[in-house]
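Hi,

Here's the structure I promised to pass on.

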Amino acid sequence: MARQRAQDLLHRGAGAPGLRWMLVWLRTDEERPRIGSLLVRADTPGVRIEESWDQAGLRASGSHDVVFEDALVPLEHAVDLRLPEERGGPGAQHGAWNTLMIAALYTGVARAARDWLVGFLKGRVPANLGRPLATLPRMQEAVGRIEALLATNDRLVDSGARDAGLEAAEAGLIKTVAAENAIAVVQEAVALCGNHALARSNPLERHLRDVLCARIHTPQPDSAYGVAGRRALGVN
């Protein structure tokens with residue numbers, strides 16, 4: 001049996017409340033400790049979820065703390081245990097693809113905001129105007145700016161996905177630009193809709209909370225720009 005004590009295991013588990021199995025990174029207590037992953041059933045005695053996830057955005061991820069307190073798990077549930085020196089870190093390609101997926105994720109949030117905005121502008125007919133807001137040139141121009149930002153993101157993410165040799169540094173720049181574009185899209189939509197955008201009965205306020213999390217995801221802008229700048233200047 002593999003035994004882990006509570007003080008050794010406190011994990012942040014995305015989607016924890018809905019999981020039947022959890023994949024936990026561990027280190028054994030052998031004379032020569034090995035590291036790897038352990039498959040743990042969520043209903044194992046000693047496993048509990050502390051609902052600590054109370055963020056402004058990405059609330060649906062359910063990334064609560066998972067505590068393992070004297071939970072006994074069969075050793076055969078261990079996955080790929082190796083000595084630390086036998087295990088290399090994630091490759092650069094892995095990091096690049098993960099970064100690109102983050103860019104795609106927040107582009108999707110921005111597109112959802114755009115779709116709701118378009119429906120709102122088509123359906124909203126102020127009494128003093130007598131026709132939909134979508135007929136106003138100012139609204140048309142603003143939606144055009146949103147379309148430009150989304151088209152840029154789509155091209156960036158698509159070209160990155162097709163590049164088998166995409167480097168982590170370039171992926172970081174794509175993510176950074178895509179994240180800022182996505183935030184700009186949602187903020188523009190909020191500005192156009194006014195109070196309606198912040199009503200909890202409408203999804204736009206959730207899109208705003210979610211898209212602001214883009215800046216927190218690695219790589220953050222200062223890191224991405226710093227790497228690109230050092231490469232361009234030939235500075236280590």
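Before the pocket, a word on the term: a pocket here is an open set of grid points where a 1.4 Å probe fits, with protein on both sides within 12 Å along at least five of seven lines. Bear in mind too that this is a predicted model.

On to what turned up. The largest pocket comes out at a volume of about 210 Å³. Where does the largest pocket lie? Domain 1 (3–86) and domain 2 (92–233) both contribute residues to its lining, so the pocket sits between them. The lining is made up of W53, Q55, A56, G57, L58, S61, S63, Y106, C213, I216 and H217. By type, that's six nonpolar and five polar residues, with no charged ones.

Next, helix α4 (residues 204–211). Seven of its eight residues are buried, so the rest of the structure largely encloses this helix. The buried ones are L204, E205, H207, L208, R209, D210 and V211.

Last, have a look at T28, in the loop that links β3 (21–27) to β4 (35–41). Is T28 buried or exposed? Its relative accessible area is 10%, and the cut-off for buried is under 20%, so T28 counts as buried. The T28 side chain has a polar contact with the side chain of E30, at 2.7 Å. If you set aside neighbours within four places in sequence, T28 is in contact with P33, R34 and L81.

Cheers

Conventions:
Residues numbered from 1 in each chain as written. Predicted model: local features only at pLDDT ≥ 70, side-chain atom pairs only at ≥ 80, totals over all residues. Heavy atoms only, no water. Helix = DSSP H or I, 4+ residues; strand = E, 2+ residues; numbered from the N terminus. Buried < 20%, exposed > 50% of the residue type's maximum accessible area, 1.4 Å probe, protein only. Polar contact = N/O pair within 3.5 Å; in protein donor to acceptor, adjacent residues only side chain to side chain. Contact = heavy atoms within 4.5 Å. 1 Å grid on protein atoms, 1.4 Å probe; cavity = no way out; pocket = protein on both sides within 12 Å on 5 of 7 lines; lining within 4 Å. Points joined across faces, edges and corners; volume = space filled by probe spheres on them. Nonpolar A, V, L, I, M, F, W, Y, C, P; charged D, E, K, R; others polar. Domains from an automatic or database assignment.
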